[in-house]
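The sequence and the model are shown first.

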Amino acid sequence: MKPFESCDIQFLYRNKMEEATLSCEKIPDDENDESQNKRQGDTTVIDGQNGVIEEKKEFVAPAVGMEFESYDDAYNYYNCYAKELGFRVRVKNSWFKRNSREKYGAVLCCSSQGFKRIKDVNRLRKETRTGCPAMIRMRLVDSKRWRILEVTLEHNHILGAKIYRSIKKIGTGTKRKTQSSSDAEGRTIKLYRALVIDAGENGNSDAIGREVRNLPNHSSQLNLKKGDSQAIYNYLCRMQLTNPNFFYLMDLNDEGHLKNVFLIDGRSRASCGYFSDVIYIDDTCLSSKYEIPLVAFIGINHHGQPVLLGCGMLAGETTESYIWLFKAWLTCVSGSCPQTIITDRCKVLKNAITEVFPRAHHCFGLSHIMKKVPEKLGGLRNYDAIRKALVKAVYESLKVIEFEAAWGFMVQRFGVVDHEWLRSLYEDRARWAPVYLKDTFFVGMCSARPGETLHPFFHRYVHKQTPLKEFLDKYELALQKKHKEENLADIESRSSSPTLKTRCPFELQLSKVYTREIFKKFQLEVEEMYSCFSTTQLHVDGPIIIFLVKERVPGEGSRREIRDYEVLYNRTAGEVRCICSCFNFYGYLCRHALCVLNFNGVEEIPPKYILSRWKKDYKRLYIPDHGSNNNPVDGTNRELWFNQLYKGALQVVEEGVISLDHYKVALQAFEESLNRVHDVEEKQE
């Protein structure tokens, strides 16, 4: 059985935990030497009359989207929740199908709801009703489960410290047998401890069995502080109910403790369909022992901005944990494998990526390696000279033979042949040195030039001591900020035209196509064409011609050096490729390739060198392919329906924010669509 076969249930719990009679806490925190009443979920309650301190358990508050296997289960849940808070429950309304006595809707409310009728006012019994608004409205849905549709939690009266259990009337008119408090709580927790949002498979009970993982016996768990597990639980529940297409998975160890977590919001999940061709897996927080053991999946959007494609928290840097996380991410993106994956140098990561992403090109982030140079080499006698030689070998080598010669000269001259870090670095050179990666597609995430770096997505939001509760708040702030930046960049790219700096037809051509930020980078290459002063033929082999382009480049101090670049050109196939491999590294042609095209009288860049992912209207034109086997019309995969509808709606939203007129049209379209969907529901009833 595959670890993740469906996404119907977003909580993963062990079978034995579902079967056990549990207290009303959520996921337990780390066990310690403190007494049991210090565990998360226990609340100290002071009896106002007797001043007695007693411990009680907190129930998960009712929320829109909660589902139950039957009406009785839903009633028992709300009744136990009411008992914990200190109020009684009564049935306000019930609805039954016309041709049967099957119940399909109900409203449960606080016993203080409403007021006495006028004819009852003069009776001797004391008035207890206060018009309390607390209630839940629920209904039987297509999955044959009872779903909460409306919730009001607030009461307008004082809640009692102790409330006796309400007795519910069953449909036949007989009273339900009274259960003990512990039995009621045990049954309720067993049924409702996992919050389930219906996402397909018709709600079959065996779906739960498919979603539960049989984890290997490891004692590792997240290092959570008091209240952290409750904070995670509350956050995931809230996001599941309020954020469209939000997805998460939780991994528990054999003792039932939280081990690994994966989460991704709806907007980021949609971005995976567009920008997951190249991803950077940032494990800085985990490897550097931050308070938050965070691992983030980061991509690059059509503006060259970092975009979050999901993140997780892992118990430790183990191959098993990374494999779990990567498979969770693959489940989220429907199994679409990236072309290129960039990580820090880590054997554990390498092993996990080899197993989960066997077809991806796994590379080590060059910027991470260069940042470690002072730490690894700073103690050497000729550090400055060694660093300078290393930088020259890494960034200026255009051919493998040049790199090998420069590296050999460095280690021999400075006597560092046996330096352990340099030796291991050289052994891995095919995964990080630009000269070995010229056939790898990076779209600007390669850091192939001095000074370039891969910035963490949560840069400036998370520091080493950031607590988990604070991170959950900053997670949303970071997403909102990044989404706002992307929206503003979309509006700017579509509503204005960039200023042209040359008369080159290539510049005019892409100014109409590319987003503003990507065009600026390409525009620099057009400007620098004028630093290339010679284009000559070196070799001709049928339709293939090799050109030599000379360029003046900055040297030491204020001096300028002349460097030679070989460019292959195939007129018949319309192909051009420079030895600097700018197109593979950054996604646009370099100044040397442009010079060769210009030399041969080409006035437009061939279509194959105009990447769709850089276009202004990329999201509107490109619809991710889900495969012919996933037909949303013929199938019954509700998750696929949701994804398709969400991505279609997201395109309308992004177009709708361009102007006020766009906004009005989009809003009207949504209202009309919603009314038509409601018409279908009414006809079915």
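The sections below go from the chain as a whole to individual residues and pairs.

## Basis of the report

The structure is a predicted model, in which local features need pLDDT of at least 70, side-chain atom pairs count only at pLDDT 80 or more, and totals for chains, interfaces and linings use all residues. Residues are numbered from 1 along each chain as its sequence is written, and side-chain values use heavy atoms, with hydrogens and water left out.

## The chain as a whole

The protein chain contains 22 helices and 18 strands. Helices (H or I, at least four residues) and strands (E, at least two) are DSSP runs, numbered from the N terminus. Of its 685 residues, 49% count as buried. Here, buried means under 20% relative accessible area, exposed means over 50%, and partly exposed lies in between (1.4 Å probe, protein chains only).

Among contacts in the protein chain with a separation of 6 or more, 63% are between residues 24 or more positions apart. A contact means heavy atoms within 4.5 Å. The accessible surface of the protein chain is about 35,100 Å², and 51% of this belongs to carbon and sulfur atoms. Such areas come from the Shrake-Rupley method with a 1.4 Å probe; for residues, only the protein chains shown count as cover.

## A buried serine and a surface patch

Ser271 is part of helix α6, which covers residues 266–275. Its relative accessibility is 3%, so Ser271 counts as buried. Apart from neighbours within four places in sequence, Ser271 is in contact with Ser276, Val307, Leu309 and Lys619.

A nonpolar patch on the surface is formed by Val652, Val653, Val657 and Phe670, which together have about 280 Å² of accessible area. Patches are made of residues with over 30% relative accessible area and no salt bridge, with like charges joined within 9 Å and nonpolar side chains (Val, Leu, Ile, Met, Phe, Trp, Tyr) within 5 Å. Val657 is located in the loop between α21 (638–656) and α22 (660–684). Its relative accessible area of 40% makes Val657 partly exposed.

## Aromatic rings

There are 31 aromatic pairs in the structure. In one of them, the ring centres of Phe585 and Tyr586 are 6.5 Å apart and the planes stand at 85°, so the pair is edge-to-face. Rings of Phe, Tyr and Trp (its six-membered ring) pair if their centres lie within 6.5 Å; planes under 30 degrees apart count as stacked, over 60 as edge-to-face and the rest as tilted. Phe585 and Tyr586 are both buried. One aromatic cluster is formed by Phe247, Phe262, Phe297, Tyr322, Phe326, Trp329 and Phe357.

The ring of Tyr586 also has the charged end of Arg449 over it, 3.9 Å from the ring centre. Likewise, the charged end of Arg552 sits over the ring of Phe533, 4.2 Å from its centre. A charge sits over a ring if NZ of Lys or CZ of Arg is within 6 Å of the ring centre and within 35 degrees of the ring normal.

## Residues with positive phi

Most residues other than glycine have a negative phi. Lys289, although not a glycine, has a positive phi of about 60°. Ser447 is not a glycine either, and has a positive phi of about 55°.

Lys289 is found in the loop between α7 (284–287) and β11 (294–300), and at 62% relative accessibility it counts as exposed. Ser447 is in the loop between α14 (420–427) and α15 (468–495), and at 4% relative accessibility it counts as buried.

## Salt bridges

The count of salt bridges is 25, each being a side-chain nitrogen of Lys or Arg within 4 Å of a carboxyl oxygen of Asp or Glu. Glu317 and Lys289 meet in one of them, at 3.8 Å from N to O. This pair links distant parts of the chain, 28 residues apart, with Glu317 in the loop between β12 (306–313) and α8 (319–332). Glu317 is partly exposed, at a relative accessible area of 29%.

Lys372 forms a salt bridge with Asp344, with the closest N and O atoms 3.4 Å apart. Lys372 is in the loop between α10 and α11, while Asp344 is in the loop between β13 (340–343) and α9 (347–356). Lys372 is partly exposed at 27%, whereas Asp344 counts as buried at 14% relative accessibility. Salt bridges that share partners also join Arg449, Glu525, Glu528, Glu551 and Arg591 into one network.
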